[in-house]
Amino acid sequence: METVPKAPVVIAEKALHTLVCELQSAGYRVIGPTLRDQAIIYDEIDSVADLPQGWTDEQQPGSYRVAKRPDMALFGYTVGPHSWKKFLHPPRLRLWQASRTGNEVSFSHDETPSQKYAFLGVRSCELHAIAIQDQVFLQAGHEDVGYRQRRDDSFIIALNCSEAGGTCFCASMKTGPQATNSFDLALTELLSEDRHEFLVEIGSQAGADLMHGIASREASAGDLETAEKLLAQTAANMGRHLDTQGLKERLQENPEHRRWDEVAARCLSCSNCTLVCPTCFCTSVEDTADLAGDTAERWRRWDSCFNGEFSYIHGGSVRSSTKSRYRQWLTHKLAHWVDQFGSSGCVGCGRCISWCPTGIDITEEAAAIGSAASPPEDAS
Amino acid sequence: MNTPLDPMMPRFLPLQRRIRETADVLSLVAEPLEGEEMPTFLPGQFNMLYAFGVGEVPISISGDPQERGHLVHTIRDVGAVSHALLQLKRNEPLGIRGPFGKPWPLDQARGADILLIAGGIGLAPLRPVIYHLLAQRESYGRIALLYGARNPADLLYHKELERWRRVPDFQVRVTVDHAGREWLGDVGVVTRLLPKIRLDPADTVVMLCGPEIMIRFSTLALLDMGMSTKQLYVSMERNMKCAIGSCGHCQFGPHFICKDGPVFRYDRVEALLKQDEI
Ligand SMILES: Cc1cc2nc3c(=O)[nH]c(=O)nc-3n(C[C@H](O)[C@H](O)[C@H](O)COP(=O)(O)OP(=O)(O)OC[C@H]3O[C@@H](n4cnc5c(N)ncnc54)[C@H](O)[C@@H]3O)c2cc1C
Ligand code: SF4
Ligand code: SF4
Ligand code: FES
């Protein structure tokens, strides 16, 4: 996304309604946070009224709860079990359909035009997660055509976090809490007893164009200062912390650390962590045919390195123990990812910690195995 | 004919010939469509082969890289997809995506002695190397093939093995784990044949392909002969669903075997191979 230097503006809470309407009339399906089944998830919203206004979430290892806030904040919570990958990298996707007549095979194309999404409330860690998945799906020479389309068509309204959650550690991963680029617009919610407004930063021409139709005023030095203070406060109140200095090397050098056995004793190999993780990209391919065998389809669905068949080769799974699967997950996230894609695969969003049924905390495990403070045991 | 729009869409080529190699191994020869040429490939690369409606699996290209008239794969019947591929009849469409992966280091190995060590179906990805070496014999030093299989009946490419044995200046030794009286060749693991091969350990490039256990003990024996880990190359195998570095299945430590391999210089994977369940 090109950067359009344009001064930040301030809009009233109700102008957010207009913004959503404008996006809808421009043909976007607006996706935002909404309360469902006791969790704040991402789904299509009709209007700002669908946002979980006045709600917050309380997150701890193995625990996620929504609760009422004392105020009417629209974005007064952090991230829930969903991430935007649900839309950009759908859980199940038909890649193609083909039919066979005699020895001739022909492909039929899906005629449904692709969805144009506007994502409302994309946190900084999530912007980083999207950029990380871009590295996977937009590799030169092997670009995923559908992903490219969904990505190019999406409009991103980022959100600067006014509060950190109990399992957040984006400050450690240098992925937040401030959205610095890769957005069309970025909001900071300015809420106090006598005001409910949004500071809006403009990150692209498309963002600037959209703002033309919205009533706004130029941001004052005071507005900017308030936003800055909020972000500094968020950064200072991270629920978790991870020391990344030398972490990659120490993880890669310690595949036999005894902590892997200890964590494996608690891990259920349920794959919750990989499903909620906004960067985990692994998929499996399913080829199917109709009964007559004349038409075939290829589907792609999310897979997880915690599944047994994931590493199956003739004769058995390469990673049959829970220990080896947890080790694959953690080492891939925090170490191998750097070799593969030039950055960590973890953006510090904390989802895997909150949604682990047994409360395994990636920051604790990584520290035990890979921090400078704990010299390797059993190094071999 | 379709032009693939997406890297996950196969092309279809008609099957021209099936060659029975052993009781459970066949080579499938596909031919290009009228007016089209086969895509080029480098020895060591593989394709994703698709059996219509059944599934898709990685299979090494086992033919001659110089031969542009057809594309050969040698497949062992081990499960659903390989079985379906081997059921294909003449002119039926074989789905193909590829070629993928890093090849054997034939350019870097020019001038050096070459030792090929193959176990079982592992000879298939090395056969294009043999074609190349024999075609460009003068570019390499001494060349040798050590090939091990379970039983004499499991040996691939019988006729060619016989032909290669008669090529002067190509040392070919074949060994089996078990054999009856009619077997006149060697019996035992491939490493037992190492002392019988003449080459300069200081200036040899070794290419290994076979079961991981064979790779483990062979590399140990080669290092014992004074070779360095940088002279050895191994081809690795893992589950693969995409072959383009995006499904995650083939990860081996920091490597994606589909795009960083399947051929690796041994020093890059040595530590990982020593760990279980990586
Ligand atoms: C780079 C590479 C090159 C290969 N070259 C050859 C070759 O030249 N000839 C040959 O006969 N075989 C080769 N194989 C092995 C071949 O891919 C497997 O035998 C095949 O996938 C088995 O599939 P199946 O459905 O018949 O068996 P099943 O046992 O039913 O397997 C089920 C699924 O598991 C996966 N799988 C099982 N075994 C393997 C395996 N060994 N490697 C990767 N995925 C596996 C596949 O996705 C397969 O569909 C190669 C493997 C790799 C990775
Ligand atoms: S590993 Fe955990 S904390 Fe890191 S990005 Fe994934 S879900 Fe978030
Ligand atoms: S952690 Fe596991 S599921 Fe996630 S990207 Fe890595 S290998 Fe795939
Ligand atoms: S086979 Fe999919 S990443 Fe290598």
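Strand E6 of chain A and strand E7 (residues 104–108) of chain A are antiparallel and joined by five bridges. Strands here are DSSP runs of E with at least two residues, helices are runs of H or I with at least four, and both are numbered from the N terminus; two strands count as paired if DSSP finds at least two bridges between them. This is a predicted model, in which local features need pLDDT of at least 70, side-chain atom pairs count only at pLDDT 80 or more, and totals for chains, interfaces and linings use all residues. Residues are numbered from 1 along each chain as its sequence is written, chains are lettered from A and ligands numbered from 1 in the order in which they are written, and side-chain values use heavy atoms, without hydrogens and water.

One of the residues involved is A:Arg92, whose bridge partner in E14(A) is A:Arg301.

The structure also holds nine cavities of 30 Å³ or more. A cavity is a set of points, on a 1 Å grid over the protein atoms alone, where a 1.4 Å probe fits but cannot get out; lining residues have an atom within 4 Å of a point. The largest cavity has about 160 Å³ of space; a volume is the space filled by probe spheres set on the points, which are joined across faces, edges and corners. Its lining has 17 residues, with A:Cys267, A:Cys273, A:Tyr326, A:Cys356 and A:Ile360 nearest the centre. Helix H10 (272–276) and helix H11 (322–341) of chain A are the elements that give two or more residues to this lining.

Methods. On a 1 Å grid over the protein atoms alone, a cavity is a set of points where a 1.4 Å probe fits but cannot get out, and a pocket is an open set with protein on both sides within 12 Å along at least five of seven lines; lining residues have an atom within 4 Å of a point.
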